[in-house]
Amino acid sequence: MSHLDLSAHRAADISDGIARKEFTAREVAESALARIEALDGDVHSLNQVTPDIAYAAADRIDALVSAGGELPPMAGVPAAFKDNMNLIGTRTTCSSRILANYESAYDCTAVARLINAGVLPLGKCNMDEFAFGSSGETSATGPAKNPWDLGRIPGGSSAGSAAAVAAGLAMVTLGSDTGGSIRQPGAMTGTVALKPTYGRVSRYGCVAFASSLDQIGPFSLTVEDNARVLEAICGKDSMDATSVDRPAEDFVAASRRGVTGMRIAIVRDMLDMEGVTPEVRDSVLAAAARFESMGATIGEVDLPTSQHGISAYYIIAPAEASSNLARFDGIRYGHRAENPVDTLDLYMRTRAEGFGTEAKRRIMLGTYALSAGYYDAYYGQAQKARTLIAREFTTAFEDYDVLLMPTSPQVAWKFGAKSDPLSMYLSDIFTIPVNLAGNCGINVPCGFAEEDGAKLPIGLQIIGDYFAEAKVFAAAGALERDLALDLRSPALSVPVA
Amino acid sequence: MSLSEQEVRHVAMLARLALTDDEVGSLQGDLNSILGHIDTIQQLDLESVPPTAHAIPVVNVTRGDAIVPGLSREVALMNAPEQQDGAFLIPQITGGGDDA
């Protein structure tokens with residue numbers, strides 16, 4: 001049989017087509033799984049493919065259609081989830097040897113809500129091990145590749161979540177963002193990628209990295225699909241005390257409303273930083289000019305304290321990670337070292353065998369920062385710096401609705417190009433301040449750069465105040481319509497018969 | 001601040017990581033390079049700034065005191081590396097020196 005060309009569709013087309021009986025949800029599942037079979041050997045965006053779960057979800061949708069029932073809002077939309085999110089019937093490995101055989105014991109709330117909204121779960125997305133990385137290269141299963149150029153990184157840590165959408169293997173995916181892990185791979189792969197406000201989406205069932213920073217959010221090819229996913233997954237969850245009791249808004253309508261009268265600022269000192277490539281800088285400035293031509297007023301702000309975000313982040317995030325990862329001790333789940341002489345030997349060797357190099361580096365850094373005598377000098381100072389960064393954003397949002405800066409200083413680099421850990425850490429300079437402050441930010445594609453014959457996407461980061469996702473979607477949607485970029489990656493353009 | 005090899009080994013013990021000598025050497029270099037960058041935070045005047053306790057102001061999050069089902073014993077044990085009699089099995093941690 002011939003398969004549906006899913007790359008030509010958006011989420012609403014899929015749901016509408018199923019409702020009008022142009023095709024069935026099962027046909028969508030078959031087509032999506034055929035694309036994965038044909039392409040994911042190269043892209044490696046998925047750690048696990050889940051046809052049984054996808055077909056079961058498709059059959060529920062098709063039964064509803066037959067019965068004439070009302071379809072859920074994202075009925076039949078092919079989806080996948082970062083492999084740090086639990087879904088019963090799947091392994092949740094965090095791309096780590098220590099969890100290689102871990103079977104999900106319960107469902108992550110955001111995943112369950114998206115499935116309740118009708119999506120077809122195709123699998124679990126490859127990632128940097130425990131979300132420690134900006135390139136996907138720390139995955140114990142091998143890195144996901146960038147669908148725009150398979151010799152380049154797709155960004156990280158939600159590497160597979162980004163690559164799967166960019167290659168047309170899933171229409172929407174979920175990632176998690178602690179210091180840029182949704183937005184930065186969004187920039188690298190030309191996808192729309194949102195870090196919601198801290199507390200907007202429950203983290204229950206998502207393996208914790210740095211609990212004061214982690215947030216789950218969507219990847220998609222379009223702003224509207226991104227808004228649709230946020231509507232489905234947001235809201236209070238009694239299982240996550242940090243989730244905030246705020247009702248979902250009509251984010252889809254927000255994505256269509258335009259920027260007339262909006263006050264938008266370029267973050268001038270960040271844009272002018274050393275290391276921002278001319279192509280990235282020019283694309284951001286060009287996007288600002290487009291906003292102005294669409295009726296927004298454009299100004300400039302500086303965020304001088306945010307430039308110290310990396311220092312604060314690489315104290316806070318490893319400190320919290322070292323604490324969160326203490327639970328992986330070989331006792332209740334995960335890898336266990338053989339023939340231990342006592343419990344200490346069991347812990348020491350289990351963790352040495354189970355964690356990869358970057359995980360060990362972060363655990364060591366965090367343990368040191370929290371150790372006796374150093375707490376005030378490191379963690380205490382970092383939490384104070386965090387207050388200043390949050391104040392800086394709050395002041396900027398008194399005058400502006402959204403702020404613009406690059407998502408990443410550069411486009412996707414080649415595998416192995418950043419072998420020094422510090423140079424990898426510095427690549428997240430523009431995304432980290434938003435996690436520290438706790439507000440929201442989205443990546444939206446704003447242009448392309450050519451490197452060694454490859455056409456590579458450039459991402460604009462649109463930053464909003466706390467719970468100002470509607471404004472962020474409004475700006476992102478307006479730019480998307482105005483630029484009308486061809487965001488079909490070479491991998492996405494491959495037809496599957 | 002700079003970590004000595006001895007301090008790296010001390011932190012590895014705190015973190016319960018059995019590191020090889022090679023790992024101790026490379027981690028010492030990596031950590032000192034990263035800490036060197038982190039120390040730029042000292043340029044900020046943080047004297048009178050309160051530390052962030054939580055990104056979003058939320059206070060006294062409580063729920064109704066209702067009994068709800070938790071994980072069953074079977075599910076809780078399904079990923080256990082070793083189990084016995086419905087419990088996690090670990091190396092012996094009490095008892096005499098005869099390894100009984």
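**Stop 1: chain B, coloured by confidence**

Colour chain B by pLDDT. This is a predicted model, and chain B averages a pLDDT of 90. Of the residues in chain B, 94% score at least 70. Keep one caution in mind: where pLDDT is low, the predicted coordinates should not be read in detail. For the complex, the predictor gives an ipTM of 0.93 and a pTM of 0.97.

**Stop 2: the outline of chain B**

Walk from the N terminus and the order is α-α-α-β-β. Now show the C-alpha trace of chain B. Along its principal axes, the trace spans about 55 × 50 × 25 Å. How much of chain B is buried? Buried residues make up 15% of its 100 residues.

**Stop 3: where chain B touches chain A**

Show both chains and select the contacts between them. On chain B, 39 residues are in contact with 54 residues of chain A. Highlight helix 1 (5–14) and helix 2 (21–38) of chain B; each supplies at least two residues of the side that touches chain A. Which helix of chain B gives the most to that side? Helix 2 does, with seven residues. Colour this side of chain B by residue type: 31 residues are nonpolar, five are polar and three are charged.

**Stop 4: helix 2 of chain A**

Move to chain A and select residues 25–43, which form helix 2. Look along the helix to Glu37(A). A kink of about 40 degrees is centred there.

Then step just past the end of helix 2 of chain A. His44(A) takes a positive phi of about 55 degrees.

**Stop 5: Leu46(A)**

Click on Leu46(A), in strand 1 of chain A. Why does Leu46(A) count as buried? It does so because it has 26 C-beta neighbours inside 10 Å, and the cut-off for buried is 20 or more. Now draw a C-alpha to C-alpha distance from Leu46(A) to Met127(A). The two are 81 residues apart in sequence and 8.8 Å apart in space.

**Stop 6: strand 5 of chain A**

Finish at residues 192–195 of chain A, strand 5. In a regular strand the side chains alternate between the two faces of the sheet. Here both faces are covered. Val192(A) and Leu194(A) are buried on one side, and Ala193(A) and Lys195(A) are buried on the other.

Strand 6 (residues 215–220) of chain A runs antiparallel to strand 5, joined by two bridges. Val192(A) stands opposite Ser220(A) in strand 6. Strand 10 (residues 440–451) of chain A also pairs with strand 5 in the antiparallel sense, over three bridges. Zoom in on Lys195(A): its bridge partner in strand 10 is Gly441(A).

Notes. Residues numbered from 1 in each chain as written. Chains lettered and ligands numbered in written order. Predicted model: local features only at pLDDT ≥ 70, side-chain atom pairs only at ≥ 80, totals over all residues. Contact = placed C-beta atoms within 7 Å. Helix = DSSP H or I, 4+ residues; strand = E, 2+ residues; numbered from the N terminus. Nonpolar A, V, L, I, M, F, W, Y, C, P; charged D, E, K, R; others polar. pLDDT = per-residue confidence, 0-100. Bend = angle between axes of the 7 residues up to and from the residue. Buried ≥ 20, exposed ≤ 12 C-beta atoms within 10 Å, placed from the backbone. Pairing = 2+ DSSP bridges.
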